[in-house]
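Subject: A structure for you to explore

Hello! Here is the structure I promised to pass on to you. Have a look at it first, and then read my notes below.

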There are 2 protein chains.
Amino acid sequence: MLERMTTKDPRAAGLARLAGLLADETRAACLLALLDGRAWTAGELARHAGVAPSTLSGHLGKLVAGGLLAEERQGRHRYVRLADARAAQLVEELTARIAPEAHPRPRTLRQAGADSAAARGRTCYDHLAGRLGIAVTDAFTARGLLLRDTGFALTAAGLRWFDALGIGLDRHGRRPLARACLDWTERRPHLAGAAGAALCRHALDVRWCVRIGSGRAVRVTEEGGRALSGLLGIGESALR
Amino acid sequence: MLERMTTKDPRAAGLARLAGLLADETRAACLLALLDGRAWTAGELARHAGVAPSTLSGHLGKLVAGGLLAEERQGRHRYVRLADARAAQLVEELTARIAPEAHPRPRTLRQAGADSAAARGRTCYDHLAGRLGIAVTDAFTARGLLLRDTGFALTAAGLRWFDALGIGLDRHGRRPLARACLDWTERRPHLAGAAGAALCRHALDVRWCVRIGSGRAVRVTEEGGRALSGLLGIGESALR
DNA sequence: CGGACACTTCGGCGACGGCCGAACCGTGCC
DNA sequence: GGCACGGTTCGGCCGTCGCCGAAGTGTCCG
């Protein structure tokens with residue numbers, strides 16, 4: 001490697017610019033909040049991050065310009081959400097790498113309650129996570145619907161399972177059908193990708209589970225418990 | 001989301017700190033260079049990045065402290081390499097996200113020659129990439145050794161293939177056996193993970209391919225061409 | 001032992017970037 | 001129309017960080 005870098009490497013510049021978008025605590029807090037997959041207003045994010053609205057406005061401009069966020073203006077509101085599943089994946093992957101000590105922290109009783117609800121079941125961008133997500137993924141594996149020890153892929157039986165329930169899978173998009181998403185509370189992979197998203201959407205559509213409050217937490221309903229037990233053999237204990 | 005952030009979110013802080021390690025052009029250039037999977041000395045990296053040794057020393061300190069690099073001192077040399085496969089994956093994934101325009105650029109004739117050699121075949125940290133990597137991955141898929149349309153996993157036949165060649169696979173480490181790595185010249189996924197690494201190691205061991213010069217490029221040998229053709233049906237045209 | 005060499009530490013410099021408050025703009029609502 | 005409100009723009013402040021060169025440490029070699 002003798003060649004000196006007279007001109008800078010554009011890949012390095014691009015990498016540094018992209019990483020720079022995530023390299024600020026305020027922007028990072030926004031991205032983590034937006035991992036709930038929904039659209040937030042600029043003001044909500046400013047309050048969440050604890051900075052002035054004017055400051056946050058600048059951050060949103062950078063994140064949108066960098067392609068990590070998509071924005072939608074409605075009247076006097078500016079809604080932003082993660083641009084796509086790949087942006088979410090990027091945030092997830094970096095988050096999964098940071099020191100585990102940074103993760104848990106119940107502060108107040110109220111917070112501890114919300115935390116444990118979220119630990120039971122929540123969404124992670126567009127798929128199920130928490131103990132619920134793990135339980136579903138484990139059940140898929142145990143029933144031969146999902147290959148996990150040699151990679152991460154749906155089996156033919158897995159495809160039939162979705163088909164039998166009438167859950168349509170977009171099989172020819174650029175997005176992989178099945179992908180492992182590493183959860184930071186459980187430290188175990190769970191089902192993401194197009195199939196994970198379709199399953200989560202279906203579960204919310206037919207009310208196997210419902211969102212709790214305004215956060216990412218979800219709760220399994222009565223019917224949902226019966227359905228998941230019947231279809232996947234998931235015990236009630238894993239869901240409560 | 002009413003709770004105001006009196007104390008900052010430690011996850012956001014951790015995320016920002018990790019991203020901050022990659023958010024500098026000089027450090028990014030080092031990490032990209034280190035994607036060849038080998039150990040570089042501090043001086044080599046300084047020349048490569050075009051900064052003073054003292055400057056680079058500081059950067060290495062940060063990258064090592066942040067857990068992205070591992071260092072090994074030998075006499076008056078400081079060798080560094082990527083800390084592990086996950087660190088490599090992180091860099092890959094961010095790189096795959098940056099604008100494609102940033103990627104290609106043959107500068108000099110000599111450089112163009114090196115580029116096209118690297119495009120034909122190269123290593124990406126510890127597995128095969130470039131057209132060679134793509135060809136192998138496609139052949140695996142076509143022969144039913146690798147599932148790719150429902151995720152990314154070796155099939156039972158794939159496991160037997162490795163077994164028949166006496167290539168040992170570490171099946172119970174934390175590392176996934178098969179993983180997709182998105183290549184930035186071909187923009188297509190190729191086989192990474194423990195299986196990809198084992199295959200690459202074997203290919204170099206038995207001289208199916210050899211490294212060219214000091215970079216990441218590899219060339220398929222005569223015997224290697226015959227072996228890959230016989231074992232996987234890869235045509236000579238894909239390898240030259 | 002002395003000199004070349006690889007690397008590190010330190011001090012100082014300059015640029016960049018995040019932060020705020022104040023002023024401004026447009027929307028929605030009385 | 002007038003007011004409240006969400007968001008943006010601007011200017012100025014300040015801390016952080018990358019950079020270098022000079023001086024220092026330890027290693028290898030003649």
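Let me start with the surface near DNA strand D: its residues divide into four nonpolar, 10 polar and seven charged. Here nonpolar covers Ala, Val, Leu, Ile, Met, Phe, Trp, Tyr, Cys and Pro, charged covers Asp, Glu, Lys and Arg, and the others, Gly among them, count as polar. A residue is near the strand if one of its heavy atoms lies within 4 Å of it.

Before going on, some background: this is a predicted model, in which local features need pLDDT of at least 70 and side-chain atom pairs count only at pLDDT 80 or more, while totals for chains, interfaces and linings use all residues. Residues are numbered from 1 along each chain as its sequence is written, chains are lettered from A and ligands numbered from 1 in the order in which they are written, and side-chain values use heavy atoms, leaving out hydrogens and water.

**Around the DNA**

In total, 21 residues surround DNA strand D, and the closest are Gly43(A), Ser57(A), Arg73(A), His59(B) and Lys62(B). (Helices are DSSP runs of H or I with at least four residues, strands are runs of E with at least two, and both are numbered from the N terminus.)

- A polar side-chain atom of Arg73(A) is 2.7 Å from a phosphate oxygen of DNA strand D.
- Arg76(B) has a side-chain N or O atom 3.3 Å from a base oxygen of DNA strand D.

**A sheet in chain A**

Chain A has 10 helices and 11 strands. Three strands form an open sheet in the order β1-β3-β2, with antiparallel pairing; two strands pair if DSSP finds at least two bridges between them. β1 (40-41) and β2 (69-74) of chain A are at the edges with a single partner strand each, so one side of each has no neighbour in the sheet. Between β1(A) and β3 (residues 77-82) of chain A there are two bridges, and Thr41(A) stands opposite Tyr79(A) in β3(A).

Finally, 50% of the 240 residues of chain A count as buried, that is, under 20% relative accessible area (1.4 Å probe, protein chains only).

Enjoy exploring!

Note on methods. Polar contact = N/O pair within 3.5 Å; in protein donor to acceptor, adjacent residues only side chain to side chain.
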